Each structure stands twice: as structure tokens, then as C-alpha cells.
Amino acid sequence: MILASSVFDFTPTAQDWLRILPELIVLGAALLVLLADLAIPAKGRGWLALVGLLGVVAAAVVTAGMWISGDGLTAFNGMIASDKAALFADLVILFAAALGLLFSPGYVERQGIRQHGEYYTLLLLAALGMMLMASAASLLIVFAGLEVLSLALYILSAFIVARPRSQEAGMKYFILSSFASAFLLYGMALTYGATGATALTAIHDFVARHAAPTGDFRPLLLAGLGLMAVGFCFKVSAVPFQAWTPDVYVGAPTSITAFMSVGTKVAAFVALARVFMVALGPVAAAWSPVLWAVAVLTMIGGNLYAVTQRDVKRMLAYSSVANAGYMLVAVVTGTQQALAALLIYLAAYATMNLGAFGVVLALERSDGLGTVLEDFNGLARRRRGLAAVLAVCLLALAGIPPTVGFAGKFAVFYAAIAGGRLELAIIGVLTSVLGMFYYLRVIWAMYFVEPQPARPAPAFVVAPAAPPASASAAASSSTGGVAVAEPRIATTVRADPAAVSVAETPHVVYPGTWLALALALIATIALGILPGALVDLATQAAQSLLR
Amino acid sequence: MLNLTVFTLALPLAGFLILGLFGRRLPRALIAWIGCGTILLAFAAAAADFISMLGTAQTSRVADTTFFNWVASGSLRIDFGLLSDPLSAIMLLVVTGVGFLIHVYSIGYMADDPGYWRFFSFLNFFVFAMALLVAADNFLFLLAGWAGVGLASFLLIGFWYTRPSAVAAATKAFVVNVIGDFGLLLAIFLLFKTFGTLGYEAILYGNPASGHSCIAGPFCPAPLAIHPAGATLTAIALLLFVAAAAKSAQLPLHVWLPDAMEGPTPVSALIHAATMVTAGVYLVARAAPLFTAAPGVLPIVGGVAGGTALFAATIACVQTDIKRVLAYSTMSQLGYMFMGEAASGFSTGIFHLTTHAYFKALLFMSAGAVIHALAGEQDMRKMGGLRRKLPTTFWCFVAGGLALAAIFPFAGFWSKDAILGAILERASTTGIGGWYVLYAVGILTAGLTGFYTFRLIFGVFLGQYRGGEIAPHGAEHGPPEPAAAPASRPNGRGREVASRRDPLARVHDVGAAMRWPMLILAVLAVIGGFYGTPFSNWLGDFLAPIAGTSPDVSGGTLALNIALGLAAAILGIALAWLRYGARQASFAPTRNPIVVFFENRYYVDALYDHVIVRPLLWAGRLLRRDLEGVALDGGTRGVGGVVGWSSGVLRALQTGYARNYALAIFLGATLIVVYYVMQR
């Protein structure tokens, strides 16, 4: 086989390494953090985030440089792409990673996480896996990237040792994700069997030459892409493969949730676009009905689930399910315009979702409480800045102009109509109406509802069965081990209803968190008022992907 | 020609930002100055535009300034530009002019309210959004203003957020408005797909001066070669009308407007009578070429509008809350505006919009003055005999009422006459029975309007006072702002203090801040119709380049129309006099099934509750409990508790619900595989 012999002859050139320079920088930063962890005294571990941040910024600068002057070719014998779609995805992932790193120091300390070095290293490695997955030009790299990011995220999800919910999240994510990865891998193997290639361009050429003209798809190919669809749908949390999402998003450290809800989506959707929209584009008739059904189910199911949630973190998890549905609309549409719309939506989703999770993170207390809807009552009067950021981000998620969320929804639905998928656009628009309801409910609570008097911890939080709130607060701060600047607020006695409510969060919001929130806020508003640049970049990226 | 429209937008926006960010710390006087001053300057800018427009030749009264490029990528190109043309000039004058008067009125009305700064910042935001809506030069930024207006309305209806009813009303308004927003969004997608652009000029008007062509409509001087299918135009126009109906409370999307009266009375005056609800009327007039070109749409508009006018008028006849009477009256009058537009009298709709803005704002302000004087009482069964105590309010109310009832020569007479004339003309030229029916509905509604308006006036101001002692202070106000204590709103209900000397001893008429806006509007309600009489229709000619010429009504048709309209209104007033004016008004409950049917608002709200709201909630609960809660979650909550105190995390997980999640994945995968097998 020609392919095999060329692999064995292959020697990487300097060009090959240059084309994966952003990934290399992130990898270097991860290793550097691990080393620095040994050198920095325990008290100054927060600085590790800065080391990681510098790496991420450097990688972003290099990515931007490659956008301007890179050759856009593949590296390592057609395994990894450095086209503009890859660079676009890299930039969004790096943005998410940077904000995740900025969110972390304050949150990590409050939650009593002591393994700073491992935490930041794993976060950077997860970003590396996402970047790899998004730049994959071969099924093998798709899978390799997926595993790198997933392994890191399993551990990160379970990182709060003192919190059973976090352990549960990591374990659940691990088991279910392995299960889904098996489907994906099996699907890839069958696709390889059907087409004789793992390189995406080769698959594209094969199906374009053999399958598409006759319309006679081999069962092997159908089974392969069906199983791959299952794997991808799990990763992007589409219904009916979404069940893990709320549990993991709620249980994981919120800084990780913020980062992974965005980064995983970007990586998985760009890889999905590369595999389905591009490589398997000629046989779209074979896969689009399945993804069509999944998209419809996801839009309806995600929004319906979200409407009934009382916990804001859980609501945001289901909102990410619903958003996956809108993105799938773009995938099903399959035109170049839809691909650009998908990228626009991903970028929009990154800014507004990071902002929303960032506020939740800033409010969450050391015992993991403080994210129920009632805790947001009257927030605007206690924490005006946080309430304002959350309000803007939720309005953006609801798709109200002039925020970036509106630009994203506009792009996706417009592309769907232009691409002849009117029904998907209508379903999307109608389910968005449902979405308004639960986003606005939080805004309503923050601005228009009186804070409630003290009450016991909400019944359904997975705290030790039902001991009095005082015991749980005491337990968590003792097991947490780190002195938290937080009075025993949950111990408030009923006798004094005017006393501090359970929702009160006297802890300090760190400057890094503020900076990250400000970045997310500015991006959400600025890209909404002037989305021209974003649309331009996304269009170029889509062109590079479809040649 | 001047185009200072940007100031009409920027000043209220600046006011909103300043008050929103720093209002809490500013003294009240300064808040009032900023709040009203920005709107007055915005009005000045709008007036300057208007005057310079009058000095320009009629054919070139368009100034379109592009400020920046929102998106330019491939075929997609949308600019942010502001348009100054006759239609937007009239709308901006009404929005900022009436808006300014209501701001001044609010200084007095909200004087005791702890949320003073919040109120003015929201009001400024509203004026900004509304100005954007009417001044945008393309459909996309129209949508931005459209959504902004909805948001402002949500904030202001729910202003007294401690009242559960206010919260519910605000939510209802928002949901209905969002339905309209998405109708508009879909219309925009279709417009873009069909025409490849969203600018008004390119789609609707063309520009003779620059030689630009346009695509749709009869006013188009140089039509392009694109001829979209009639069905597409119909779909676009219908979607636009869905949006208009939601914003302007037409059937069946009307349910939010009466409930919106939960907001403070200046809000009712500004948003739910004078400006916001007119956005739909504006949209139809703006898209007049489209509506005219789209086959079969205008009769639908007419049918919906006529139905709404009659429906709302009948309900208004049996309401006892004075603000609700006015709310239903607003719905009914909006129906008139759409009826005029449906009969191709687009400028008559705008004409009635302007006069209605004067007299309805006046009526709401007067109603607010009554409510203010009676410490929050809104039920007319507990009023009566207030004429001597509130003379200014009484005469203002009468002026507004005569205008609403369309009595010669008050403002409403001319505009309603123009609308009904257009319908009658349409009926006699086409000879289609449907237009005659619509005309009959219009006349019947005119009679009902006279009845409910004067039932209200007689019930409130004549006869004997039927209420109790008035609490010493305050109107319908919110709780103290940094709410430390549970809300104890000083309202009419705390009048157990029994001192039966004169229950109205403490009642006083309005102060200066409230009186002057009312007097100005009262003057406008009297003379505001003279710019559109059938003898010299200045407004119709002014709007003709945009909205087309209205059907020409003259001779016998004109005389017949005036006679019928006046007769119906006077008959209605006479009935009201017999029932409520000549003797002590009685509002005793009745068993009359028709009245009960009207009192229950035709059971539309109940129907929606049973058919839409409850099933949705039920489905959501079912999903949460049975799918998430049991089938998929395996009861995370229950098991989670066990996990917590037994620390058997791993064991519980592996034997517990993670399995169910995996099962769901497996089932999904099986479904997909089965699908492929079935395919073969």
C-alpha cells in the first residue's frame, strides 16, 4: 500500500512543527506549570494560573500570526490541519481556557482544592486535547484529541475531594464517556473498513467517487457513520445522549464547568463539521435525517428540561443542551454559510456562557450551595456588578439584540432558511421563545424579588441526607481544610428572620474573576453591536474548510 | 435636509445610562431634570428635523444617514442607519412629545415612590428603544428597537415587583411580545431570502433622487426585475402582522394589555396607550407597499382588527376598574387604526394614532389623578361625585372622553371619521359585502365607545360618593427601596379608621407637575384633529409619499359617514346617561349571561390557561419527574443522599443510575442503527 510505505518513510520537517506551534506552546505551558508547582511555595500557588495564562496568551498570539501568514496546510503527513477553521477553533478554545484560568485561583482556594499544580496542568492538557480534536485531519487524531481532553476532564470533574457530588460527576462522566467513546471508535473502524482510509480527505474522495453517484451506500459505511454520530452526539450533549450533562456540569468545579462547557463543544462541533459536513458531505443524504431528528429532539428536550429547573447551574447545563440543538441545525443544513454560522454561534456561545457560569462560580459557596434560583433573589441589590454581568449574559443566551447571542441565532437560523431547512429554523425560533422564559426568570429573581429570609438548605441539594444546615457547613469547612473568609452563615437560626439569608455570600470575588467577567461581558456586547469582524473571520474559516 | 435623529436616540440613551448607573446617589430634583431634560432635547431634535423637512420639496423628504456597517460578508450586508422621512418624523414627534409630557407628569405622580431613579431610567430607556424602532432604516434595527421596547415594557409593568399580580402581568406581556418578536424575525429571514437586503429604501420605496430601484409595492417608482411569488409576499406580510398584532394587542394576542395596567399609571399612559402599542400600527404603515402588494392580506388584517375593536369595546362596557376600561378601550381603538390601514387608508391609521396618543394619554393621566387622590383606589364602584373635589381632572377627563367618543369637533372625531370614511369608500368602490360588514362593526363600536366612555365619566364624577375614608397619604406606591421590612403599601385598604365626617375631606386635585401636562394634552385633544379634516387633509398629503394616498371620501359618502358615526356615539352617550348619569349609578352584580360572558373576557384567558399554559407546565413537570427524576436520574436526589452519608460513592454509582444513563445512550444508538436497517 502506498499509504503505508509513505508513513514509514516520513520525516517531519520544521514546517510540520511550525503548523502545530499553538498546541506545542500549550503543552509546554502545561509542563512548565507542573515544574513550577515544585518550585513555588504552597502559599503562592495561585501564581501557577499566571504561568498557564501566559502560555495561553502566547499560543493565542501565535495562532493569530498563523492566521495572517500561515500556509494553512496539514502537518505530519496529513494528520493535523492548520487551516483557518482550526485556527478559529483554537482561538475560541484558548479564550475559554484563559477565562477558565482567570476564574480558577479564587474558586480553587474557596473550595479547598490543594493540588494546584495538577489542576492547572490538567486544565491546559484538556485545552490541548480540544485544540487537537478541532484541528484533526484524520479520524485517528479526532479520537486522540478526544481522549486527551476527556481524560483530563474526568479527573478535573472529580477534583473537589470533599464534595461527593464532584466525585460522582467525575465517575459518571468517565463511565458514560468511555461508553460513548467506544461507539465512536467502533464507528471509525467501520468507516475505515468501508472506505479504506482514515484521512478525512481520502474518505471524502472515496465517498464522492463510489457512494455518492450511485446512491447505494454500503451497510458498513452506514453503520460506521451511525455509530460515529452517536459518539459525537454524546460529546456535544445532544438529546437523547445528554443525560450526563447536568450531573457533570453541576458536580464539577464550576471553573471547570465553565471551561469545558465551551471548549468541549467547540472541539466536538468543529470535528463533527470536519467529519460529517466535509468528509462525508457527499453522502449527506445518509446522515442528515438522523442528525435532523437529533437536532429537533435536542432543541425541544433541552429547552423543556431547562424550564423546570430550580438550580441555576443545572439550568445552564440544560441550556447548553438546547444550544447544542441550535448548532446541530447548522450542521444539518450543511452549506458553507451554515458552517460559518456554526462557527459564529460557537464563538458567541463561548462569550456568553463563560460569563454566565463565571457569575455562578463567583457566588457559589464553599459547601457548593448558593446556586438555587432563590439564592439569586435580590442579587442586584447585594452584588450589582455580578447581577449586571449575569443579566447581560442571560439576555444574550436568550438571543435578544444587540448582544452577540442574537447575532449567533440570526446567523444560524438565517443559514437554515437560506439552505432550505425552513422547518428547523421555525422549530428553533419557537423553542427559543421557551428559552426566554427560564433565562428571564433568573433576571427577574435578581432584580425584582426580595431576598428571602433565612431558611434551611434546599432539600434536593445532594448534601449529607438531611442534617441541619449548620452541620453541613461545619463539615465542609473542616474537611475542606482551608480557612475560608466566610462566616457560618448557614447556621442562622430561624428565630431571627431578618438575619443574613442562606444566599448571602460574603466572600471576596477575586480580581482575576472580575477581569474574566469583564472580558466576557465586553465580548458579549461588542460582538453583538459590531459582529462584522466575527462574521468575516468565521466566513474565511468556513471557506478554508470547504476549500 | 437635516437629520438630527441620532440625538433623538442618543439623549434618552444617555439619560438611561446616567440614571441607571448613578441614579441611586443623585438627588430627586436632579433625577427629574435629567429624566425630563433628555427627552425634551430629543423632542427638540425631532422638531428640528420636522421643520427642516417642511422646508424641503415633497419629493425629496428623505434623509438616510448610515452610521456604521453592522455586517458585511458576502451577500450579507446590513448597515446601522437612521431614517428621517415623513412617517418617522411624525412618529418621533409623538413619541418624544407625548413622552416628555408623561415624564413631567411622573415627577408629580411618582414623587413619593422610593424607586424614583429606577423609574426614570426605565422610562428613558423606553423612549430610546421606541425611537430606535421608528427611526431605523432597515428591518433588522427595527427588530432591535422592537425587542428593546418589549424589554422596557417588561421592566415597567413589573415596576412594583412586590405585587405578585404585577410580576405575572409583566411575564405575560413579555411572553406575548416575544411571540411577536419571533414573528418579526421570521419575516426578516424571509425578506432577506427573497430580496437579499433588509433596507426599507431598497425593498419598499426606492429613491428617485439617487436612481435606486425598489422591489415591492405600488409606490415603487422603478421596480426591479425581481418578482417574488405572491405566496411569499403573503407569508412575509402575515408574519409582519403577527408581530404587529402582538405588540398592538390584537386578537388573539391581546391578553397582555389589560393585565399590563399593573404598572404605574404613567407607564400605562406612555407605553400601553400612547406609544408602544402603536408600534404595530407603525409597522403596517411602514410596510404599506408590501401589504398592498401581498395578495389577500389586507382583508385578514381588517377582519382581525374589526373583531378586536368590537370585542374590546364590549368588554370595556362591563369593567369596573377604571384603568381596565381604558385598557380595553385602547385595544378597541388600535383595532380602528388597523381597520383604516386594512382599507388602504394607511395615513388614516397614523392619523388616529396621533390623536389617540393625545386623548388616551390624557385619559390615563386623569385616571391617574383620580387614583392618586383616592390613595390607590381604582374601582369605580367605590367612586362617584368627585366632580367638585377634582375640577381640573374632571374637565380634562371630559375633554379626553369627548375625543375618545369621537364627538365633533374633538380630535378623535376627525381621525375616526377618516378611518370609517376610508372603509365606506372601499366598500362602495369594491362592492364586496365584507367591507360593509366591517363598516357596520366600526359604527357599532363607535356607539359602544360612547357608552363605556361616559359610563366611566358619570360613574366616577357624578352622583354620590360610594367609597370609604381616604387614607391620609400616598398613592399606589411601591415598598421602601432597600426593603428591610415586609411591604406595607399605604393604599386604600387601610381605612378602618372610622371618622364619618367627610370621607373626601383630604382629597385634593393635582399639583402643578401633573396639571400642566394634562392641560396641554387637553388642548391637543380638542384641536389635535384639525390637521387631518376631510376638507384640508394636511397629514394625509404629508404622509402620501410613504403611506400612499387614502381613499378620497367626499359628497354623499362623507355626509352619510359623519351622520352615522355621530349618531352612534351620541346614542351611546345617551344610554350611558340614562343608566349611570341621570340617577345614582348602580354597579350591582348581574346574572345577565351576556354581561357575565363579557365580564369573563369571552373566557379567552381561561382558554389559554387550559389549552396552552397548563399542558406545557404539565409536560415540563412530567419530563422532570418521570424522565429526569426517575427513569434517567434514577432519583439522583434520593440516591445522592445515600451517597452522601454512606460514602459508598463508587458502589452506589455503579449499581445505580449511571447504568440508566448508559441505557439511554444505548437505546439512542439502537434507534439510529434500526433506522439504517429499515432504510435498506
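How many aromatic pairs does the rule count over all chains? The count comes to 49 aromatic pairs over all chains. The rule takes rings of Phe, Tyr and Trp (its six-membered ring) with centres within 6.5 Å; planes under 30 degrees apart are stacked, over 60 edge-to-face, the rest tilted.

This is a predicted model: local features need pLDDT of at least 70, side-chain atom pairs count only at pLDDT 80 or more, and totals for chains, interfaces and linings use all residues. Side-chain values use heavy atoms, without hydrogens and water, residues are numbered from 1 along each chain as its sequence is written, and chains are lettered from A and ligands numbered from 1 in the order in which they are written.

| Pair | Centre to centre | Angle between planes |
|---|---|---|
| A:Phe179 and A:Phe183 | 5.3 Å | 85 degrees |
| A:Tyr326 and A:Phe413 | 5.8 Å | 85 degrees |

A:Phe179 and A:Phe183 sit four residues apart in helix α8 (residues 164–195) of chain A, so about one helical turn separates them. Helices here are DSSP runs (H or I, at least four residues), numbered from the N terminus. A:Phe179 is partly exposed at 28% relative accessibility. A:Phe183 is buried at 13%. Buried means under 20% relative accessible area, exposed over 50%, partly exposed in between (1.4 Å probe, protein chains only).

A:Tyr326 and A:Phe413 link distant parts of the chain, 87 residues apart. A:Tyr326 lies in helix α14 (residues 312–333), A:Phe413 in helix α18 (residues 404–418). A:Tyr326 is buried at 3% relative accessibility, and A:Phe413 is buried at 1%.

Terms used. Helices (H or I, at least four residues) and strands (E, at least two) are DSSP runs, numbered from the N terminus.
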